[in-house]
Amino acid sequence: MHHFAYIDGELHADEVSLRQIARQVGTPAYVYSQATLTRHFRAFSQAFAGLDALVCYAVKANTSRAIMALFASLGGGADIVSGGELWRAIAAGVDPGRIVYSGVGKTEAEMEAALKAGILMFNLESIEEMQVLDQVAGNLGLKAPVSFRVNPDVDAQTHPKITTGLAKNKFGLDVELAFAQYQVLAGMPNLEIKGVSCHIGSQLTDVRPFADALERVSVLVERLRAAGIKLEILDLGGGLGITYAQENPPAPDQYAAALAERVRRLDMRLVLEPGRVLVGNAGLLLCQVHYTKQTPVKRFVIVDGAMNDLIRPSFYDSYHAIWPVRQQPGVEPVVADVVGPICETGDYLARDRELPPFRRGDLLAVMSAGAYGFAMSSNYNSRPRAAEVLVNGDRFCVIRARETIEDLVRGERLPEWM
Ligand code: LLP
């Protein structure tokens, strides 16, 4: 459910017409709906209301300061994976006591910053990382709150590039190693065991793998408790999928219902790390048609947004619906590829789609682009990154200005010998 809809044949975000945003801000531009973001956050947190749960928004999905601040104001914490995300989350007003820190390659400087900030928990992903964090915490005279990220070896049945909980993936410790290492952890002078964590993948459209992972982690928790290890927090990661095309993912309350009984029996404080499900369908990428082109075998709609703005179609073969900003009732659709100006055959936003017969100057929206859209964008082909706009009712604000040419070359210099 989202708040992008046609009013008198014109696509609006809440009450603001996308044409007006294009006129004032230019294109390409990411447009987010505050009503949708709020609704998604509330639906998710209310689904877990019966449990002692903390929703730590996975900020990697969309690191916009305004969006992080919105979720923080609704009681959310943050799941971070870098010092940059730590800095941004705190700057956006996220309570450090509600931040969990995952990731296989945390640096000593990043650990130090997170320790000084007083985060809730580090999710450790290797033995070496455990040893380094112990040293870093010791040097600061602090105790680091930690969990091991467990890799439960379940198949999330999603795209291979976004599966994280298989034995062959780089993430976490396998269950047996984790069992042994918790005993080691208990003896580390500067680490304090808080709980256990896992995250098995992204864009899951079935509750089954979540329930399987929970079962495996629960068995580990029970074994550890029997061995005298105290565990208070159960972090089940993120991963709940959304509808891009025809997928029918579980609603947050179905997801919560599938986990609740087992979590209650463990009597632990729950942490969840949703990203996509909160922001994915709350954003779109607004583009303008530069040219159309008919070859002997294909029709192309060349727009001003490209793979540097939204890499998901090129990288994961993802489907994003394309909506015209102006509806054209009664016109015959044509089959075309929507492509960007970048010099790569892989630069496309949609392939072989039935679309209205777009013409030069038309506006279109690439839907479901709120998650892993701007956050994964780049300057490839020396393209300044897009503007980001947040709509709230009948108002909108540019929450990130379009980059300029000066931004593109910031930090560059010629060596003195040239
Ligand atoms: N927690 C951890 C430790 C994660 O690694 C991730 C995502 C999440 C939470 C949030 O997962 P979500 O709820 O958003 O599924 N770029 C890819 C997705 C990569 C996800 C990486 N980790 C895409 O565009 O589909």
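Hi everyone, let's begin at Tyr6, whose bridge partner in strand S2 is Leu11. Before I go on, please keep in mind that this is a predicted model.

So where does that pair sit? Strand S2 covers residues 10-13, and four bridges join S1 to S2, with the two running antiparallel. They belong to an open sheet of three strands, in the order S1-S2-S3, with antiparallel pairing. Strand S1 (4-7) and strand S3 (16-17) are the edge strands, each pairing on one side only.

What does S19 pair with? Strand S14 (residues 283-294) runs antiparallel to S19 and is joined to it by four bridges; there, Leu285 has Val366 as its bridge partner. Strand S16 (residues 322-324) is also antiparallel to S19, with three bridges, and Trp323 is partnered with Ala365.

Finally, the ligand. Which of the 19 residues around the ligand come nearest? Those are Ser202, Glu273, Arg312, Tyr316 and Tyr372. A polar side-chain atom of Ser202 lies 2.4 Å from a ligand oxygen. For Tyr372, a side-chain N or O atom is 2.6 Å from an oxygen of the ligand. Arg276 uses its backbone instead, with an N or O atom 2.8 Å from a ligand oxygen. On its own the ligand exposes 580 Å², and the protein buries 92% of that. The space the ligand takes is the largest pocket.

Key
Residues numbered from 1 in each chain as written. Predicted model: local features only at pLDDT ≥ 70, side-chain atom pairs only at ≥ 80, totals over all residues. Heavy atoms only, no water. Pairing = 2+ DSSP bridges. Near = heavy atom within 4 Å. Polar contact = N/O pair within 3.5 Å; in protein donor to acceptor, adjacent residues only side chain to side chain. Areas by Shrake-Rupley, 256 points an atom, 1.4 Å probe, with all protein chains shown as cover. 1 Å grid on protein atoms, 1.4 Å probe; cavity = no way out; pocket = protein on both sides within 12 Å on 5 of 7 lines; lining within 4 Å. Sits in = over half its atoms within 2 Å of the grid points.
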